[in-house]
Amino acid sequence: MPNIEVLTLSVNSISSLSPLADCLSLCELYLRRNMIPSLSELSHLRPLTRLRVLWLAENPCCGSDPSQYRLTVLRCLPRLQKLDNQVVTEDEIAMALMEGEEVTTPPGTVQNQLSTNGHPDAETENDPLNYNMEETNKIREELGMKPLSRDKFPSLSSPSTRETRLSMKKTHIVDAVLLLLRDLDEEELLVVHTATQNRLQTYTLDSGDTLHSGDTLHTQKAADIQH
């Protein structure tokens with residue numbers, strides 16, 4: 001069903017999402033109260049770049065921690081605009097990239113076997129730092145930006161300082177905002193443009209140095225963009 005856009009499958013005892021991987025036009029998917037055992041099933045939805053609404057509540061995969069569940073889903077599917085009938089915010093996306101768990105391919109699938117059997121990189125695929133880099137650079141690639149090198153990410157074995165956490169959060173927020181801009185139409189982009197100008201004017205009034213710092217960040221990002 002490559003052309004289907006809205007699919008309602010709530011209360012159907014569904015346990016696997018692999019049949020949906022080819023529904024590339026899917027925009028809304030309702031899966032409430034099924035039998036989906038693990039969030040790893042969400043890996044089948046990654047190719048669905050048009051998916052904006054997902055209702056997954058009341059499945060076994062949701063677990064006992066609603067906050068962590070939501071962050072994990074949004075890390076896997078950062079383009080979602082509404083999850084379980086609740087609007088997704090830019091702050092949530094940024095936090096999900098930092099704190100959401102990596103969703104791996106379900107055991108037994110062809111993709112999982114190819115990625116782990118006989119490959120020396122299998123161990124590094126389980127490295128949380130590698131996941132963090134992969135997610136960030138995946139977003140930057142979609143934006144036409146240069147990937148960040150491993151030395152740009154703090155080592156997970158070293159003590160995490162407040163400055164490091166703030167730096168990582170800002171990096172993820174900027175990348176997440178740039179990714180979300182791709183889904184906006186001309187009118188919505190004008191709204192964002194106006195809000196950005198107003199925000200910059202506030203910085204100008206507060207501190208000229210702050211504005212200069214913001215200009216430096218903007219210049220650096222603009223230089224990274226290849227188109």
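**Surface and overall make-up**

I looked up the accessible surface first: for the protein it comes to about 13,900 Å². Carbon and sulfur atoms hold 53% of that area. I note that this is a predicted model. Of the 227 residues in the protein, 33% are buried.

I then read the secondary structure and found 7 helices and 5 strands. Along the sequence the pattern runs β-β-β-α-β-β-α-α-α-α-α-α. For contacts with a separation of 6 or more, I find that 56% join residues 24 or more positions apart.

**Nonpolar core**

I looked for the largest nonpolar core and got a set of 32 residues. Leu29, Leu42, Leu45, Leu54, Leu56 and Val73 have the most contacts inside it. Helix H1 (66–76) and helix H2 (90–99) each give at least two residues to this core. H1 supplies the largest share, 5 residues.

I took Leu45 as an example and listed its contacts, leaving out neighbours within four places in sequence. The list is Leu17, Leu20, Leu29, Leu51, Leu54 and Leu77.

**H1 against H2**

At what angle do H1 and H2 pack? I read about 95 degrees, with the axes 8 Å apart. Angles of 65 to 115 degrees count as roughly perpendicular, so H1 and H2 are roughly perpendicular to each other.

I wrote down the residues that meet. From H1 they are Gln68, Arg70, Leu71, Leu74 and Arg75. From H2 they are Glu92, Ile93, Met95, Ala96, Leu97 and Glu99.

**Residues 66–84**

I checked the record for this stretch. UniProt, in an unreviewed entry, places the feature "domain: U2A'/phosphoprotein 32 family A C-terminal" at residues 66–84. In the model, the chain over residues 66–84 is 58% helix and 11% strand. The end C-alpha atoms of the stretch are 11 Å apart.

Asp84 sits in the loop between strand E4 (82–83) and strand E5 (86–87). Is Asp84 buried or exposed? Its relative accessible area is 17%, and buried means under 20%, so Asp84 is buried. Not counting residues up to four places away in sequence, I find Asp84 touching Leu54, Trp55, Leu56, Ala57 and Tyr69. Leu54 and Leu56 were already on my list of core residues with the most contacts. I also took the C-alpha separation of Asp84 and Arg70, which is 9.1 Å for residues 14 apart along the chain. Arg70 is one of the H1 residues that meet H2.

**Positive phi**

Most residues other than glycine have a negative phi.

Ser13 is not a glycine, yet has a positive phi of about 60 degrees. I place Ser13 in the loop between strand E1 (6–8) and strand E2 (28–30). Ser13 is exposed, with a relative accessible area of 58%.

Glu58 also has a positive phi, near 65 degrees. I find Glu58 in the loop between strand E3 (53–55) and H1. With a relative accessible area of 44%, Glu58 is partly exposed.

**Ser25**

I went back to the loop between E1 and E2, where Ser25 lies. Which class does Ser25 fall into by its accessibility? At 13% relative accessibility, Ser25 counts as buried. Leaving aside neighbours within four places in sequence, Ser25 is in contact with Pro2, Asn3, Ile4, Glu5 and Arg50.

Definitions and conventions
Residues are numbered from 1 along each chain as its sequence is written. This is a predicted model: local features need pLDDT of at least 70, side-chain atom pairs count only at pLDDT 80 or more; totals for chains, interfaces and linings use all residues. Side-chain values use heavy atoms; hydrogens and water are left out. A nonpolar core is a set of buried Ala, Val, Leu, Ile, Met, Phe, Trp, Tyr and Cys residues joined through side-chain atoms within 4.5 Å. Buried means under 20% relative accessible area, exposed over 50%, partly exposed in between (1.4 Å probe, protein chains only). Helices (H or I, at least four residues) and strands (E, at least two) are DSSP runs, numbered from the N terminus. Contact means heavy atoms within 4.5 Å. Accessible areas come from the Shrake-Rupley method with a 1.4 Å probe; for residues, only the protein chains shown count as cover. UniProt positions are given in the numbering used here, feature names are shortened, and annotations may be inferred rather than shown by experiment. Axes are lines fitted to C-alpha atoms, for helices over the stretch in contact, and angles run from 0 to 180 degrees between N-to-C directions. Angles under 35 degrees count as roughly parallel, over 145 as roughly antiparallel, 65 to 115 as roughly perpendicular and the rest as oblique.
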